[in-house]
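Please take a look at the model below. We will walk through a few of its local details and then step back to the whole chain.

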Amino acid sequence: KGSHVTEPSMGRKRPRSRAKQSNIASKDAADVVIEERGQGGTDEDLDSCKTPAAKRRATSQTSGRDLDDSESAREGDMETVNIASASSDLLESICSSLIGRKKQVETLIQLFEEPAVPVHSSLFIYGHSGSGKTTVVQSVLSALKIFSVYVNCAEFYTQRSLLEEIMDQLSGHVLSSENNYVSQLKCENMAAFTRQLPDVLKGNDYNDRTVCIILDKLEYLRTMELTLIPAFLRLQELCSRKITVVMLSCLTWEKFNSSLIGCEPLIVHFPNYSKEETIAILSKDCTEESMLIFYQTFLGHVWNLFSHVCDIKELRHICAVLYPKYCSPVLSGEVEKSDTKKLWSKGLPHFKAVMEKVYLHETTRNTSEGESQESSRTAVLELPLYSKYLLVAAYLASYNPANTDKRFFAKERYSKKKITSKQSTKMNRQLMGPKPFPLDRLMAIFYSIVGKPVLPTSSLFSQVASLVTLQFVSQMSSAEYLDAPRYKCLVTLDVARSVARSVGLDLFRYLYDYI
């Protein structure tokens, strides 16, 4: 009676303390501010609502992230320093043997060194002959351990032979008597080449590696198919492989009808060597250290006389010919090594003798001591084969009467007339000088002395123009000969005889004065 029911203590909520209530309130306020920050609130509003404990936790997390970022940045810097030092060491090791080509070597290293960067599809390198293009490219690729295929375009006259040679080098196929000197794969055109190239690269573990195709003397490809050079420029795109085509030429890119090709390669120029660089390169041929300064003085004379007409290869040959004669007075004790004036006066006749032949690019051959002076020195002009035949034909046309051509060059045998007394009184035509002759007579004599069928192509007639340019043959400029140009041979009997001997002809057998 009079008692009341009380609530059980298990379901009763205990009242919160004031401190806890303030903490919860601050957290709720912070959440509100965070939501407002997402809708346009600022970082200062969030910092003002954070509790000291929250600020300490945020500070520790921020410092941890900053420490990780600094460590990763330090590791990246160390990696960059290591790569830069490795590139510098590689550059110095390559340039130690290549003088005057540090800038070009550095450019090639930057293009090929980084494997993660996509390689360029084509690279065009131009410069004069003997400027070190082939040597520098092969040295850089060898140092970087990049597989390369080298092809000299001057050795191939058809597109098929060029493409099959590239394919044989990539596949490791060597022409020999066992395979009858036949290529392993047939490449009739560029379409077949691009279709078979990915399979060859995949079969020889070159699928993920950079492969370079070096085309030296690219100017010889201008006479082949018009689509050949543009296809080489886009070979990486056509095959979907890491292939770089390096093109080497003595001509500039504008000479390759660049407006018709459509795409352009990356162009690198190799300038000519300076006088100091040339002397430094040729000084390596001196084997005696005591004669190095003397040899460099001699190289200075050679450079001053021949550098404007000869490249570094020809200068090396001239030095090999002249240096024994230049230093012979020093070795015999006749002249002191420091007396440069006397050395120059004694070596001047030898320099003049070489200068007389250097414009004709003649080579000499010494024989045994028992032979006569005429046979001990044989001069052979470095001309193409058909140009030699044309020069001999021009000499015969200039010094033989036109009515004797049937006697010397006709294939059928004609009865010889009796020699009358008038023949003994004939004038020596060697003393009368060369006579002009028409072009059709020159070609008739040429076809007769060659002895095999030759097609009258434009290349053959361009060699006649080359002989005129070299001043071996002169074209008559009279107005009456405009329709049928006439020519006159300018070489001497000794030169014509040596050229005829180089192609296996006896010149005296066809000369009217020696019958």
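Ser240 lies in the loop between helix H9 (235-239) and strand E4 (243-249); helices (H or I, at least four residues) and strands (E, at least two) are DSSP runs, numbered from the N terminus. The phi angle of Ser240 is near 55 degrees, a positive value in a residue other than glycine. With a relative accessible area of 57%, Ser240 is exposed, where exposed means over 50% relative accessible area, buried under 20% and partly exposed in between (1.4 Å probe, protein chains only). This is a predicted model, in which local features need pLDDT of at least 70, side-chain atom pairs count only at pLDDT 80 or more, and totals for chains, interfaces and linings use all residues. Residues are numbered from 1 along each chain as its sequence is written, and side-chain values use heavy atoms, with hydrogens and water left out.

You will find Lys217 in the loop between strand E3 (211-216) and helix H8 (228-233). Is Lys217 exposed or partly exposed? Its relative accessibility is 32%, so Lys217 counts as partly exposed.

Now for some helix packing. Two packed helices are described by the angle between their axes and the distance between the axes. Helix H4 (residues 102-112) and helix H5 (residues 133-143) have axes that come within 10 Å and cross at roughly 40 degrees; here axes are lines fitted to C-alpha atoms, for helices over the stretch in contact, and angles run from 0 to 180 degrees between N-to-C directions. H4 and H5 are therefore oblique to each other (under 35 degrees counts as roughly parallel, over 145 as roughly antiparallel, 65 to 115 as roughly perpendicular and the rest as oblique). Their crossing is right-handed, meaning that the near helix is turned clockwise from the far one by less than a right angle. On the H4 side the contact (heavy atoms within 4.5 Å) is made by Val105, Leu108, Ile109 and Phe112, and on the H5 side by Val136, Val137, Val140 and Leu141. By class, that contact has eight nonpolar, no polar and no charged residues; Ala, Val, Leu, Ile, Met, Phe, Trp, Tyr, Cys and Pro count as nonpolar, Asp, Glu, Lys and Arg as charged, and the others, Gly among them, as polar.

H19 contributes Leu439, Leu442, Met443, Phe446 and Tyr447 to the contact, and H20 contributes Leu460, Phe461 and Val464. These residues divide into eight nonpolar, no polar and no charged.

Next comes Phe508, in the segment after helix H21 (493-502). Which residues does Phe508 touch, not counting those up to four places away in sequence? They are Leu493, Arg497 and Tyr514. Phe508 and Arg497 are 11 residues apart along the chain, and their C-alpha atoms are separated by 8.1 Å. At 23% relative accessibility, Phe508 counts as partly exposed.

Finally, the whole chain. It holds 21 helices and 10 strands, and 35% of its 515 residues count as buried. Among contacts with a separation of 6 or more, 68% join residues 24 or more positions apart.
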